[in-house]
Amino acid sequence: MTLRKRPVRALACAASALALAMTAGAASASAAPADAKAAKAAKAATAGKAVTSGWNNWSCKPSAAHPNPVVLLHGTWANQLDTWFLTAPSLVKEGYCVYSLDYGKLPFVPTLNGQGSLVKSAGEVSAFVDKVLKSTGTKKVDIVGHSQGGGPLPRYYMEFMNGASKVDKLIGIAPDNHGATASGLGTLARKVPGVSKVLDLTVPGLQDQIVGSEFMKKLNSKPDTVPGVTYTVISTKYDEIATPYKSQQLSGPNVRNVVVQDLCKLDFSEHIALGLIDRIAFNEVKNALDPAHATPTTCKSAIS
């Protein structure tokens with residue numbers, strides 16, 4: 001290796017480290033072996049097939065009890081199946097019309113999505129919401145999202161793409177609403193010359209979410225909320241990606257900020273587990289979707 005090549009390789013390594021820290025958390029210690037096996041089984045069962053089990057059912061018509069279709073948005077380096085394999089069927093069982101999509105695809109990483117520019121991804125979400133509204137004959141959807149899918153992405157869609165009139169509720173699970181530091185790695189990336197440029201060229205969706213990015217500056221130049229939308233933010237104190245966790249919280253009318261440890265001190269879920277398998281968080285999602293029939297969320301919710 002020549003001296004000229006070393007800085008380039010160093011930048012690539014720094015970019016890779018940041019990407020791994022801010023994304024899927026494949027080595028997350030909090031996911032139980034049984035949950036991992038369930039995820040693998042679900043993925044294998046539906047490999048090469050359209051997502052079904054009543055979810056993404058384009059003939060579904062919302063009921064009077066649940067008049068808004070629910071749109072699920074995954075996070076960075078994720079996809080609709082791996083993220084929602086438990087949540088989507090559960091919501092269908094509750095009587096909702098449920099839809100999800102894979103957005104932010106990059107050609108060189110076919111199954112890990114949410115990596116494209118958030119502005120472009122917001123356009124994909126806009127088109128998908130219009131499709132859902134047309135199919136169901138409704139005027140508004142409820143959005144449930146994890147990480148970028150629960151915060152900056154739908155907020156940008158509502159604020160800058162005329163989406164506010166089409167959304168009734170936004171429920172964000174571990175959303176990086178004001179940018180993420182990824183336990184300091186995001187901040188470091190902005191200080192190391194060249195790393196931001198590498199991320200911008202290779203994973204623009206990741207770069208957009210770092211505190212201080214041009215995307216975040218534009219998004220947060222506006223108020224946290226828009227009129228007419230009800231917001232719920234569900235966070236964990238053990239989040240290692242959308243950090244600091246309190247930066248996930250929103251200010252404004254019609255906002256409820258929830259920290260799962262305030263409901264159950266024994267909940268040790270981190271960023272990924274909170275969106276995929278945490279039943280305490282899921283009970284809060286159900287309560288936010290249907291507040292008239294909300295049930296108390298306690299440690300018992302984890303096994304009920």
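A charge sits over a ring if NZ of Lys or CZ of Arg is within 6 Å of the ring centre and within 35 degrees of the ring normal. The charged end of Lys131 meets this over the ring of Trp58, 4.4 Å from its centre. The model is predicted, so local features need pLDDT of at least 70 and side-chain atom pairs count only at pLDDT 80 or more, while totals for chains, interfaces and linings use all residues. Residues are numbered from 1 along each chain as its sequence is written, and side-chain values use heavy atoms, with hydrogens and water left out.

- Strand β1 spans residues 70-73; helices (H or I, at least four residues) and strands (E, at least two) are DSSP runs, numbered from the N terminus.
- Val70 and Leu72 lie on one side of β1, Val71 and Leu73 on the other, and all are buried (under 20% relative accessible area; exposed is over 50%, partly exposed in between; 1.4 Å probe, protein chains only).
- In a regular strand the side chains alternate between the two faces of the sheet.
- β1 runs parallel to β2 (residues 98-100), joined by three bridges; two strands pair if DSSP finds at least two bridges between them.
- β1 also runs parallel to β3 (residues 141-146), with four bridges.
- Leu72 has a bridge partner in each neighbour: Ser100 in β2 and Val144 in β3.

**Aromatic pairs**

- The whole structure holds five aromatic pairs; rings of Phe, Tyr and Trp (its six-membered ring) pair if their centres lie within 6.5 Å, with planes under 30 degrees apart counted as stacked, over 60 as edge-to-face and the rest as tilted.
- Tyr156 and Phe160 make a tilted pair, 4.7 Å centre to centre and 35° between the planes.
- These two residues are four apart in helix α6 (residues 152-160), so about one helical turn separates them.
- Tyr156 is buried at 5% relative accessible area, whereas Phe160 is partly exposed at 27%.
- Tyr238 and Phe268 are also tilted, with centres 5.6 Å apart and planes at 45°.
- Tyr238 sits in the loop between β5 (230-235) and β6 (255-259), and Phe268 in the loop between α11 (260-263) and α12 (271-276), so the pair ties together parts 30 residues apart in sequence.
- Tyr238 is partly exposed at 40%; Phe268 is exposed at 52%.
- Trp58, Tyr99 and Phe128 are linked into a cluster by ring pairs.

**Another charge over a ring**

- Lys218 lies over the face of Phe160, 4.8 Å from the ring centre.
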